[in-house]
Amino acid sequence: MQLKEKTSFYKVCFDSMQVGILVFNSEKDIVLVNNPLLKIFGIEKEKLLQKKVDDLIKNKNIINRFIQHPTLEEFNETIELTGIHNDGYEFFIALNFGKMKYEGECYYKALISDITVRKQKEEEISDLNIYLEKEVKHRNNELEKVIEKLKISLNKEKELNNLKTKFIALASHEFKTPLSAILSSTELMAKYAELQNFEKQSEHLEKVKAMINHLNRMLDDLLTLENIENSNFVSNFTEFNLSKLVQEILLNTKSLLKKDQVVLFENNANEPIYHDSKILSIIVTNLLYNAIKYSSTNGHIEVKIKTDLNNIYFTIEDNGIGIPENEKKLIFNRFFRAKNALYYPGTGVGLNIVKGYVEGLNGTISFESKENEGTIFNVQLPKILINEKENFIN
Ligand code: ADP
């Protein structure tokens, strides 16, 4: 007898295959298995042959469907199902179904592999993927935040550089003019001293004083700006007399008045108020200096102060050059100077500071102006109640 005809040879081949083979009939009775299948399910042959397919494979519906429609496309591919081990636990199996006929009877076969290890690896990989995705998202978010922060600081840096450039241009121009005026006045003072012309000498002394005051104010403005910028300003509320404060300011500005220029003061604030006198002084001084600066000789300036139950009001009016209509909206921008103001000395920071302070104190500032006719600035500031002071600039 040839080897290919020997049943025992077939059996050896059958049992030495890499996959488990399970043959069952349409009643789901198990009729034939190989040794690898016994190993996969951890069961002895005799015991297994008494069982049904449903005892080995959890997915009854799929087995039923295969028996009923074995030609369905889904059964052409490897299917992953759940096996039931003899010890009771469930595990992953991969199956390839097939149908065959023997002596007129229909039989169904399944080639089965234990894919537990592969599944575990797949799960580990999928977990790792989820973890990596999360990690990448997290890192991306962090990166975006860092980029955002960098952008902000870069913009700040750019803005600062811009300010520095503007300041250097401004300082070289605005500081140079009064300094050369001081120099020429002091030279003239020396000359007039020699000539004993004391009238002219004191005229130039006044000019020097006015120039030094002007330089001082510019420096004050720039320092105040820096303080506001760095939130260094500490407000200091005290009780004081507002009309006295404004009168002092008027006195200090006297030396700046041009020929025949007059300042009228209307006072309707007689009771002491509780506020930051330094800030109020900066506000009034800036507006008054502008009114003087931007109006002509024999100009007419009016300063009005008023208080009511809740507010303090300042009005500063001049009949000077006015603000051109198309530049009105820019007037509070830092370093902005209207075209018609360029013949006058200035830095363009005063109104920006005033607005910063007024708004910091929850007040409002507005103006009305007509070119070549004049300007009125109105400031309204809420009075400070003693227990309220923490709410303001500090
Ligand atoms: P500066 O007077 O140093 O230029 P300010 O910030 O005080 O800076 O004012 C900004 C600009 O607003 C001025 O350059 C000027 O164009 C305009 N301005 C302010 N006050 C007046 C005023 N009373 N009359 C006309 N223009 C004014």
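How many residues does helix α10 have, and how far does it reach from its first C-alpha to its last? Helix α10, residues 277–293, has 17 residues and reaches 24 Å, which is close to the 24 Å expected at 1.5 Å a residue. The expected span of a helix is 1.5 Å times one less than its number of residues. Helices (H or I, at least four residues) and strands (E, at least two) are DSSP runs, numbered from the N terminus.

The structure is a predicted model, in which local features need pLDDT of at least 70 and side-chain atom pairs count only at pLDDT 80 or more, while totals for chains, interfaces and linings use all residues. Residues are numbered from 1 along each chain as its sequence is written, and side-chain values use heavy atoms, with hydrogens and water left out.

**Helix α10**

Helix α10 is mostly covered, since 13 of its 17 residues are buried. Buried means under 20% relative accessible area, exposed over 50%, and partly exposed in between (1.4 Å probe, protein chains only). At the N-terminal end, D276 caps α10: a side-chain oxygen of D276 lies 3.0 Å from the backbone nitrogen of K278.

**The ligand**

The ligand sits in the largest pocket. A pocket is found on a 1 Å grid over the protein atoms alone: it is an open set of points with protein on both sides within 12 Å along at least five of seven lines, whereas a cavity is a set of points where a 1.4 Å probe fits but cannot get out, and lining residues have an atom within 4 Å of a point. A molecule sits in a cavity or pocket if more than half of its atoms lie within 2 Å of its grid points. Elements that give two or more residues to the shell around the ligand are α10, α11 (350–360) and β12 (374–382).

There are 20 residues around the ligand, of which N290, Y294, R337, T347 and L351 come nearest. A residue is near a molecule or strand if one of its heavy atoms lies within 4 Å of it.

| Residue | Part of the residue | Distance to a ligand oxygen atom |
|---|---|---|
| K293 | side chain | 3.0 Å |
| Y294 | side chain | 2.7 Å |
| L351 | backbone | 2.7 Å |

The protein covers 98% of the 520 Å² of accessible area that the ligand has on its own. Accessible areas come from the Shrake-Rupley method with a 1.4 Å probe; for residues, only the protein chains shown count as cover.

**Loops and strand β11**

Most residues other than glycine have a negative phi. N362, in the loop between α11 and β11, has a positive phi of about 65 degrees although it is not a glycine. N372 lies in the loop between β11 and β12, and its phi is positive as well, about 70 degrees, although N372 is not a glycine. N372 counts as exposed because its relative accessible area is 65%. In strand β11 (residues 364–370) lies S369, which is buried because its relative accessibility is 12%.

Key:
A polar contact is a pair of N or O atoms within 3.5 Å; within protein, one must be able to donate a hydrogen and the other to accept it, and residues adjacent in sequence count only if both atoms are side-chain atoms.
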